[in-house]
Amino acid sequence: MTAARIAGLAGPLVLGLVLAFLYLPIVVLALMGFNESVHYELPFRFSTRWYERLPGNERLITATLNSIWLALANTVIATTLGTMAALAFARYRFRGRTLMRLLLFPPITIPWLIIAIAMLVLFFWTGIGRGLHAMLLGHVALSLPYVIIVVGARLASFGVELEEAAASLGARPLQVFFRVSLPMMAPGIVAAALFAFAISFDQFVISYFLAPPGVSTLPVEIYSAIRKGFTPEVNVISTVVIVISMGILLLFARFSRFGGER
Amino acid sequence: MTEAKRRLWTIVGLTAPAYLWLTLTIFLPLSAMLFFSFLVKAPFGGREIEFTLKHYDAFLTKSYLQVLTWRSLTLGFHVTAICIAVGFPAAYVLAKQVRGRWREALFLLVVLPFWSNALVRIFSWTIVLRPDGVLDRAAQFVLPGLPTFDLAHSYPAIVIGLVHSYLPYMILTCYLSLQAIDDSLIEAARSLGASGFTILRRIIVPLGLPGLATGSILIFVPVIGSFFEPRLLGGLQGIMLGTVIEDQFTAVFNWPLGAALSFILLLIVLAILAVSWPLLRGVMRAA
């Protein structure tokens with residue numbers, strides 16, 4: 001029985017070590033935002049001066065606002081277009097359907113570095129240029145496949161019977177959509193929207209290559225801050241970013257179990 | 001309008017916006033990148049368009065580019081291997097030993113860090129690993145008199161940072177396939193006298209294989225294309241194919257060479273995806 005008991009202890013130990021590894025840097029990051037020293041010197045001395053200074057850091061604040069606006073616009077566009085496409089895939093069988101679904105994979109599987117550079121080349125060359133609008137183009141492209149997959153999973157979980165029943169009882173197509181389809185799809189759409197927001201808000205690579213001098217989003221600003229030499233204000237804003245991102249995931253987990261068993 | 005026509009227009013109307021968007025932002029740019037990779041110089045400022053194969057030739061003749069490609073691939077192998085070694089057991093414990101509400105909570109804890117900004121996580125590792133940083137201090141505290149170790153700007157630092165970034169992928173995919181294993185299968189094997197090792201070798205690993213393979217692809221592909229992680233964590237040790245590509249666009253401004261190297265990287269990625277296609281197709285059907 002001792003072997004079994006050791007095995008029983010090994011499990012929690014493995015999981016505990018993995019979790020410690022995953023959270024160590026995040027905890028350190030957050031703590032250093034409360035450390036008095038500019039150079040992250042130890043021993044730790046508690047201070048909130050970096051939090052107090054943050055509102056005065058105009059570059060970080062501007063970049064944060066850019067990130068939020070970008071993520072909101074991305075969420076609206078990607079969720080709308082993605083839901084439309086998911087609806088077509090779920091309700092119709094047509095030629096090219098398989099190919100079109102296959103085309104969702106390149107944005108997911110090709111490394112962001114390659115996609116970012118390809119966008120930079122085309123946008124710069126054609127005069128679309130760099131800037132927040134170019135980043136928006138890119139973020140939506142990355143979000144679309146996820147939205148289509150998440151909403152599609154939700155749509156696959158119920159059939160067309162209710163829609164057909166409504167139609168046969170005399171509801172017009174738009175009525176069917178707004179009174180029957182949309183409420184059923186709602187949890188999937190909310191989950192997809194949260195996903196899209198997080199993808200954009202955390203996106204660095206695409207934004208980095210499409211950012212002209214003087215325009216940046218929060219991750220781009222953090223990158224240049226790290227390369228120029230750290231300041232604990234970066235820790236503070238990073239902690240805030242982590243709290244926001246994790247909050248979104250918790251919301252997401254409430255609305256869908258990662259694609260929807262519910 | 002006939003029924004068939006109405007149906008066709010509905011489909012086009014629903015899918016066209018999304019796919020036009022993807023065309024403009026993914027497929028056209030990739031084509032433009034391929035086009036650029038054959039140019040002598042970027043055609044900006046009214047420069048004549050001149051074609052050449054010299055950037056691909058450079059890859060074949062300049063050994064440092066091949067060395068860098070090999071370094072990126074090696075990095076991919078190391079990170080993936082460690083993620084398997086750590087992630088598979090963790091996923092097994094989560095899927096088979098933890099029960100009920102605990103499992104849900106722990107699962108969420110595992111995927112939660114994944115949702116924090118990748119850049120921010122790499123940044124926090126630079127604080128942890130630097131000399132006189134947290135890890136150094138902790139080691140000094142446990143064993144006073146230990147020589148200070150400097151993991152900052154080293155190859156292990158890159159590996160640690162990347163494993164941290166991608167480990168949740170492996171745990172997630174392995175968890176999904178291990179969870180599907182019927183417990184009674186394991187019970188039956190045990191009651192028939194199979195040892196723990198036999199059960200592992202004959203049941204758990206084979207049935208967990210789809211998760212292992214999917215996780216490996218999801219990790220290997222982005223790691224060979226990584227650039228900011230090696231740059232921030234590796235210093236001079238961090239020169240990889242990805243960072244050299246980045247340099248062509250942000251420092252050296254040799255866009256055609258950068259495009260050619262990106263395209264070579266893309267070919268490597270596509271080769272990996274093609275080899276693993278049967279598996280990905282199964283995952284896609286399940287999704």
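Does B:S63 count as buried or exposed, and how many C-beta neighbours does B:S63 have inside 10 Å? B:S63 has 8 such neighbours and therefore counts as exposed; a residue is exposed if 12 or fewer other C-beta atoms lie within 10 Å of its own, buried if 20 or more do, and partly exposed in between, with C-beta atoms placed from the backbone. The residue belongs to helix 3 of chain B.

The model is predicted, and local features need a pLDDT of at least 70, side-chain atom pairs count only at pLDDT 80 or more, and totals for chains, interfaces and linings use all residues. Residues are numbered from 1 along each chain as its sequence is written, while chains are lettered from A and ligands numbered from 1 in the order in which they are written.

The pLDDT is the predictor's confidence in each residue, on a scale from 0 to 100. Its mean over chain A is 85, and 94% of the residues in this chain reach 70 or more. Within chain A, confidence is highest in helix 10 (residues 205–210), with a mean of 94, and lowest in helix 12 (residues 232–255), with a mean of 80. The pLDDT falls below 50 over residues 258–262 of chain A, a stretch that has eight contacts in the model beyond near neighbours in sequence. Two residues are in contact if their C-beta atoms, placed from the backbone, lie within 7 Å. Where pLDDT is low, the predicted coordinates should not be read in detail.

Chain A contains twelve helices and zero strands; helices (H or I, at least four residues) and strands (E, at least two) are DSSP runs, numbered from the N terminus. The radius of gyration of chain A is 23 Å, well over the 18 Å that the globule rule gives for 262 residues, so the chain is more spread out than a compact globule. This radius is taken over C-alpha atoms, and the globule rule is 2.2 Å times the number of residues to the power 0.38. The C-alpha trace of chain A spans about 75 × 70 × 30 Å along its principal axes. Of the 262 residues in chain A, 46% are buried. Among contacts in chain A with a separation of 6 or more, 78% join residues 24 or more positions apart.

Helix 11 (residues 218–228) of chain A is largely enclosed by the rest of the structure, because eight of its eleven residues are buried. The buried residues include A:L218, A:E221 and A:Y223. Just after this helix, A:G229 takes a positive phi of about 115°.

The contact between the two chains takes 64 residues from chain A and 64 residues from chain B. On the side of chain B that touches chain A, helix 1 (residues 3–36) of chain B gives the most, with 18 residues. By class, this side has 50 nonpolar, eleven polar and three charged residues. Ala, Val, Leu, Ile, Met, Phe, Trp, Tyr, Cys and Pro count as nonpolar, Asp, Glu, Lys and Arg as charged, and the others, Gly among them, as polar.

B:A259, in helix 12 of chain B, is buried, with 28 other C-beta atoms within 10 Å. Leaving aside neighbours within four places in sequence, B:A259 is in contact with A:I117, A:V121, B:M33, B:F36 and B:S37. B:F253 lies in the loop between helix 11 (241–250) and helix 12 (255–275) of chain B. B:F253 has a positive phi of about 55° although it is not a glycine, and with 12 C-beta neighbours inside 10 Å it counts as exposed.

Two helix pairs in chain B were also examined. The axes of helix 9 (residues 196–224) and helix 12 of chain B come within 10 Å and cross at roughly 170°; axes are lines fitted to C-alpha atoms, for helices over the stretch in contact, and angles run from 0 to 180 degrees between N-to-C directions. These two helices are therefore roughly antiparallel to each other. Their contact has seven nonpolar, no polar and no charged residues. The axes of helix 3 (residues 63–97) and helix 11 of chain B come within 8 Å and cross at roughly 125°. Helix 3 and helix 11 of chain B are therefore oblique to each other; angles under 35 degrees count as roughly parallel, over 145 as roughly antiparallel, 65 to 115 as roughly perpendicular and the rest as oblique. The contact of helix 3 with helix 11 has three nonpolar, three polar and no charged residues.
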